[in-house]
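Please examine the structure shown below before reading on.

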Amino acid sequence: MIKAGKTSIAVLFLLAWGILTGCAAWHGDSAYVVRKNRHQVSGETRHRVLPNGDVVLAGMPAEVQESPRHCAAATLARALAWEGVRIPQANLALYGGVTAERGVGIDEFYEELLPLFADYGLRLRTYFRLDAAAALERGKRHNALASADGLPLLRVPSEDDTGPIALETFFCEANPTCLRLVTRAGRERFSRTVIQTIRAGHPLLWGIVLGVIPEQGVLSPGGHLRLIVGYNEAEQTILYSDPWGPDCPVKTMDIVDAWAITMSLDSLETGLPVR
């Protein structure tokens, strides 16, 4: 919980990402394994087109998060492994600035790891961030629609509001229909980004808010990080893999719902000289 004054509003959405990077144990540098990516060596196409129209990155390494607060580290570990760099998720969490007492925001987490990415010829490409100003504007537009239909309103903080605002209260209680309507802008660009990035052979680090769109097996609302590993253009769906649960199965979500809950979108790119 934080107070939503002039300075704290900008921190509101940073708080949501603190749950992504919880405490981590130190496994030691000896756990590092670095190899050339098999796709790069063979020149093999990194995506597959299935008979049903799905385009998917086949053979994505599985990495189940080791604790309820380890989704960012586990998801990043999978993206790195896909590019040929294997680093334990506990190391990534710790190197990302996380301690047993302190979580960090997603941007701070990535910022701390940029030198490590560069060491292996990788860079982080950022496609989208839902910043505080955009989120608050989204909340106001949501409430305009909800009010017209007699639906519950989100508590959108004002400049003078000093009460506690939690992400679960502000965003996770949004009406799904209203949220889909207020997020129409940017949806086509989101779809194009997914298609282009998957066809280029890179998964997307997909930051979302759980609890807005009903999902089977999702028990609690809050910030989360998943991998987008494919899409179906005809059916207008994405294919994603969640680090929570056994085997990290690939699931499907409608592009409208996927964009509505998106808070961040990034990928790791290759081709830089190894330092």
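Which residue in E9 stands opposite Leu204? That residue is Ile228. This is a predicted model, in which local features need pLDDT of at least 70, side-chain atom pairs count only at pLDDT 80 or more, and totals for chains, interfaces and linings use all residues. Residues are numbered from 1 along each chain as its sequence is written, and side-chain values use heavy atoms, with hydrogens and water left out.

**Strand E8**
- Strands are DSSP runs of at least two residues, and helices are H or I runs of at least four, both numbered from the N terminus.
- E8 is joined to strand E9 (residues 222-232) by 7 bridges, and the two run antiparallel.
- E8 also runs antiparallel to strand E12 (residues 262-269), with 4 bridges between them; here Trp206 stands opposite Leu265.
- In E8, 7 of 7 residues are buried (under 20% relative accessible area, 1.4 Å probe, protein chains only).

**Aromatic rings**
- The structure holds 4 aromatic pairs (ring centres within 6.5 Å).
- The ring centres of Trp206 and Tyr240 are 5.6 Å apart with planes at 65°, so this pair is edge-to-face (planes over 60 degrees apart).
- Trp206 lies in strand E8 (residues 204-210) and Tyr240 in strand E10 (residues 237-241), so the pair ties together parts 34 residues apart in sequence.
- Both Trp206 and Tyr240 are buried.

**Helices H3 and H5**
- The axes (lines fitted to C-alpha atoms over the stretch in contact) of H3 (residues 71-82) and H5 (residues 106-119) come within 12 Å and cross at roughly 35°.
- Residues in contact (heavy atoms within 4.5 Å) include Leu76 of H3 and Phe109 of H5.

Terms used. Axes are lines fitted to C-alpha atoms, for helices over the stretch in contact, and angles run from 0 to 180 degrees between N-to-C directions. Rings of Phe, Tyr and Trp (its six-membered ring) pair if their centres lie within 6.5 Å; planes under 30 degrees apart count as stacked, over 60 as edge-to-face and the rest as tilted. Buried means under 20% relative accessible area, exposed over 50%, partly exposed in between (1.4 Å probe, protein chains only). Two strands pair if DSSP finds at least two bridges between them.
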